[in-house]
Each structure stands twice: as structure tokens, then as C-alpha cells.
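Welcome! Here is a short briefing to read alongside the sequence and the 3D view.

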Amino acid sequence: MTEITYREAIRDAQREELERDPSVFLIGEDLRDPWGGAYKTTQNISNVVGNDRVLNTPIAEESIIGAALGAALTGMRPVAELQYLDFVMRAMDSVVNQVAKVRYMSGGQAKVPLVIRAQGGGGKSSAAQHGNSLEAWLCHVPGLFVAMPATPYDAKGLLKTAIRMDDPVFFIEHKMLYMTKGEVPDGDYTLPFGVADIKRKGEDVTIVATSRMVLFALEAAAELEKEGISAEVIDPRTLVPLDEAAILESVHKTNRLVVVNEAVERCGWAAEVTAMVQKCAFSDLDAPIERVCSLNVPLPFQPDMERFVLPSVNDIVRAARLTLGKV
Amino acid sequence: MGTQVNWLDLFRLMVRIRYFEQTAFELYTGGKLPGFLHLSIGQEATSVGACSALRADDYMASTHRGHGDTIAKGLAVEPAMIELFGGAAGSCRAKGGSMHIADFSQGILGANGIIGAGIPITVGAALSAKQRKSDQVALCFFGDGATGIGPLHEGMNMAMLWKLPVIFVRQNNHYAESTPRHEYQGIPDVVRWAEGYGMPATKVDGNDVLAVYTAVAQAAARGRRGEGPSFIDSETYRWYGHNIGDPGTARPKEEVEMWKARDPIARFRRVIIEHNIASGTDLDAIDAEEKARLQAAAEMAEKEPKPPVEAALEDLYSDPVLGSRAIQGVRV
């Protein structure tokens, strides 16, 4: 095992897959060395595999994804980067009407081995147009798989799997996770989609969290432990498909659930998990399910206001207490 | 001009498309076809001239008005007709219908319900060909409406930037839905745009199948030599309105009649006879064969079984296990 950052995990996964399979290539804005991407997630890749396989593009998101789709339909395995998840809005027709639907509309003729990577989330004072969490929009689109890893280990293993899949994968990273560290195995490994990871075992309350919120949930669990509350933290790792069974099994044990997702609460991913659990495990629940999400406003610029809008460790602690009847 | 191509093959394809569209029109107005229908009658020379200048392994993306283009590129009319009826054995297993008709085995990257969406897909196919060191080319058709859309401009820029073998073919039929060109285009001549992006751009008489063929053949040869994209503005006309629901009354009657008098099929028929390639009797025989084929296709397609409704849950993902989980979730 070696300790690396989340950023290095993303870089290594892409470089290793480029070296393994000549049909893989990267396409996006500012990817090539020496710049290596706005968040340096493609640094030291074009230096190794050459500029032919790391394409810098015009700033034209709809056509970047459209072109990546055209390449995927004709024998290549592109990994397209959107510099910010926010910019998917510029590419929404390509993602939703083309990438996600072409196989279906053609009656299964087309195969779409395409990964779209993007980083989202707040925490950097990037204000309202560079910090959106749009995972629910993407989960809402039939035809996509959606991965949202929280650790270097999960990021590398899931990205390698995504690149080897024959279906389109939207792979959502988080800008505040790039500097976080974790151990990864030496050499090649992959992780399956649709399998959650229990990041912390617990007995009293289940906390399901995504992406950076997994780290917040683990901090919250440490706080709760001081109060004698044992929280189980579950990271689904992929949102589509979702490992419902892992969540239900945990709720069966703890009888309480907090769902943490950084996106705004209204019509968000946490609502989907809440609906699933109340339907499938109603009799297991001893308390209403709590959601911890961003407030229903755009992200403000000022750091204190931003922290106020985003979910916090304290919000999670409070929500967990609430499920246990402790205010 | 057009010496490498069999003129009778071109004629046959044009006639086939005409009968396909006429049959579809009759079936639709007879209440037998669901959905939308955008007819390409009048534009056959552009579809056939362009696609006949491509190899079977070249790529082509079409538009919502895609029957003619896709048949010209190799889509068989029988599964296509079944698709229009929503039959299980349709080209797209009844998932696509008229607007999404495709046969990927023929290099068809799909018709497309979204204006201009096929353009970046074509650019990507050409990029793929270049990366695979293949000499395939990729052609995108688009209509007048697409001239206002971003991906056309983004696609021209990308194709030029990477010297990709893309052939941009504008089916210049003078209207974006019902809106005439002077109401949506700042300059009358978009060839100047293409030249501005740095690629050779030509205007052709889009009702002259041999002229279109020659222009596209030259563009394809240029693409195969690694010299980059080309733009062809093929001036033609659709006899019908934007779709079946549009009676076409937004256009002056005299204009429609003038273009009907320039029927690309009747015109090519005269050229074939003038050049002693075939007699009128020979061409009548081809016409009769295609008419009979389409009539048989329609009769057969109408009787084809519809898919079970549960087939709606198939064909979304290629991974059957993860795909099924993504679609079904948990069922309790």
C-alpha cells in the first residue's frame, strides 16, 4: 500500500488506463502539460503518453461531450473532462439527449464507452457558478451511471472500472478532496459499481453520505462517540446504481437514518434515498429520516455565508441526535 | 463527372427514398403511424449524391428529416418501415421511430431529434478515425435551422483545428421550420462562414445528384489525404412543410411549384436518357421495382408484431446486471 492524494489517484488511474489500452484518450480544456488541468488532475500525463492522446479543446462544452460521444461510438474509449461540474449545463443536451439516450434510441445498437469527469462542490469561496453540486440532475437521467468517490482508494478503483465499462459514466470528483490522502494498493486494482462501503461501523444511527460529506460524516461520528452515540457511516460510492441493500441492512440494525448530501435539499439525492428507505424499511424506523443538505439558495461568495449554506459537521451531529430524540 | 459511380444505382436510391417518403406520408395521413414525420421529398439528390460518394465504413449523421439520408447510407427500407409502425423488428426495435432511425452497422450515427446535435458527434467520429489511423471520413448533414446553433460553429472550429476528415453538408432548403432564411441568418451565404473557419467551401446545386456526388467525393478524398474538413452548401427544397402537421402554407405557392418543377428525380432521368446510359423503359422498370418493394414493405410492416411493453426496459445499458439495477432499483 502507498499513501497518495485523491488528485494523484485520479491522475494515476487515467495514466495507467492510457498505458494499458490504446483506445483510451483524454479530451477537455487545459489538460496538457505543463498546466495539467485546472485542478492538476491530468498533470504528467501528456508528458508520458503524448499530446495525441491528451487533447486540449476549445472552450465548447457541448461539442467536447458531443465529440467524445462520436469517438466512443466508433471504437475509442474517451475520458472527457468538464473543468467544473457547473459547466455541464453548457453540455446538457450532449449529456442527456445524446450520450445517455443513443443506445436506447437505437434499440441497443450503439455502445457508449465514455467517461465524463467533473469536479463539483463548494468550500472554496468559488461562489454560485463554480461550486454547484448537480449529482441529482445526473442521477435523474436514465442511461447514465454516476460515481461519486470520497477517498483516493475509491477514486482510483472506480475510475479504472468506469474507463473499462461499455456504458457512459458520469464521474463526479470534489474540489475540496483533491488534497486529502489515503492508502491505495500498489499496482492495478478496480472497484465494482453499485457496492457501498461502510466507512465506519456503528449501532445507533446510520449516516449515509456522499463525496466530501463522507469526511464530514466521519467527523460527526467521532463527535457523537464522545456522547456515547455509535454512528455507522455508509458511502454508496456510486449513486447509479445505488447499493440499496447496504443502506437497508444498516437501517435494519440502527433503526435511524441521516442522509447527507451537499446539494441543495429540494428535490435532491437525499430525498430519493429517504423515499426508498421509508418504502422498503418503514417498520425498521424508530424516528423520521433526517436530511442534511445545502440550504435552498445559490452558493454565496463570502466564506462564512458559504459555510452557513453548506452542510456542516455540526448539522450532521444535530441531525443524528434528533433521530435519537436528543436535542 | 461522376464516372466512378453507377448512375442507375443513384437513380434507384433516389426513387427508393421517394417511394419510402410517399408511402410514409400515406400511412401517416391514414392514421397508421404514431409520432412525428418529417418528409424529405425533394431533397433526394443531396442525400443520395452525398452518401454515394462515401464508403460503407465511412460515418454519417443525419437530422430529424433523416429517412432519405439514412436510406442513402445503407439503411434497409423494410426494418425502417417496421420502425415507423413501432414494430419489434424495426431498425431501432421500436425505441427510436422516425426521428432517431439508424443502422450503426452501415456507419450511420443516427438521425437526431435535436437540431445540430449530429455535428459534434460527427467531429468525434472523424477524430476517432484519425486516432485509429484509419482513412475513414465522417459526414454530417444539417439543415438551415442548424446554421444558428452553437455546435455548428464549435464543430467547424474543432474540425479545422484538428484537421479532421469531416464533411459538413448543409441541406439548404431555405427554411428553418417555417421561418425564411432572411429572418434567422445575418448573411445570406454561409459558405463565407466556413471559409472564415479556414476550410474549403463550395455551393452545389443540391438537386443535381451528380454535382453533389462530385463535391462530396472531392471532400472525402481531401479528408482521406489528411487535409482536413470541407463544407458543402447544397441548395435544395423540401416539397412538404416542416412536418406532417405543417401544411407548408408559410411558403409562397409559386415557390413550391417552381421547386417541384425542378424535381431531382425527373431531372436525373432526363440526364440518364440523354447520355444513353439507359432507356426510359429501363428506368420505368427500376421505378416499378422500387414501388413494389415499398408497397410490400408497408404491407409487411403493418402486420409485424409490436414489442411487449416490457421491452421498454431493454436496450438502455449494455451491462445487463448494473443496468437492470439502475432501472429497477429495489422492489419490495
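The buried residues of helix 12 of chain A are covered by, among others, strand 10 (205-209), helix 8 (212-226), strand 11 (231-235), strand 13 (257-264) and strand 14 (290-294) of chain A. Please keep in mind that this is a predicted model.

**Helix 12 of chain A**
- Helix 12 of chain A spans residues 313-323, and its buried residues are Ile316(A), Val317(A), Ala319(A), Ala320(A) and Thr323(A).
- As background, an α-helix has 3.6 residues a turn, so residues three or four places apart point the same way.

**Where chains A and B touch**
- Chain A brings 43 residues to the contact, and chain B brings 41 residues.
- On chain A, helix 3 (61-72), helix 4 (92-99), helix 5 (102-105) and helix 10 (269-280) each supply at least two residues of the side that touches chain B.
- Helix 3 of chain A gives the largest share of that side, with 8 residues.
- Sorted by class, the side of chain A that touches chain B holds 21 nonpolar, 14 polar and 8 charged residues.

**Confidence in the prediction**
- For the complex, the predictor gives an ipTM of 0.96 and a pTM of 0.97.
- Chain B has a mean pLDDT of 95, with 98% of its residues at 70 or more.

Definitions and conventions:
Residues are numbered from 1 along each chain as its sequence is written. Chains are lettered from A and ligands numbered from 1 in the order in which they are written. This is a predicted model: local features need pLDDT of at least 70, side-chain atom pairs count only at pLDDT 80 or more; totals for chains, interfaces and linings use all residues. Two residues are in contact if their C-beta atoms, placed from the backbone, lie within 7 Å. Helices (H or I, at least four residues) and strands (E, at least two) are DSSP runs, numbered from the N terminus. Ala, Val, Leu, Ile, Met, Phe, Trp, Tyr, Cys and Pro count as nonpolar, Asp, Glu, Lys and Arg as charged, and the others, Gly among them, as polar. A residue is buried if 20 or more other C-beta atoms lie within 10 Å of its own, exposed if 12 or fewer, and partly exposed in between; C-beta atoms are placed from the backbone. pLDDT is the predictor's confidence in each residue, from 0 to 100.
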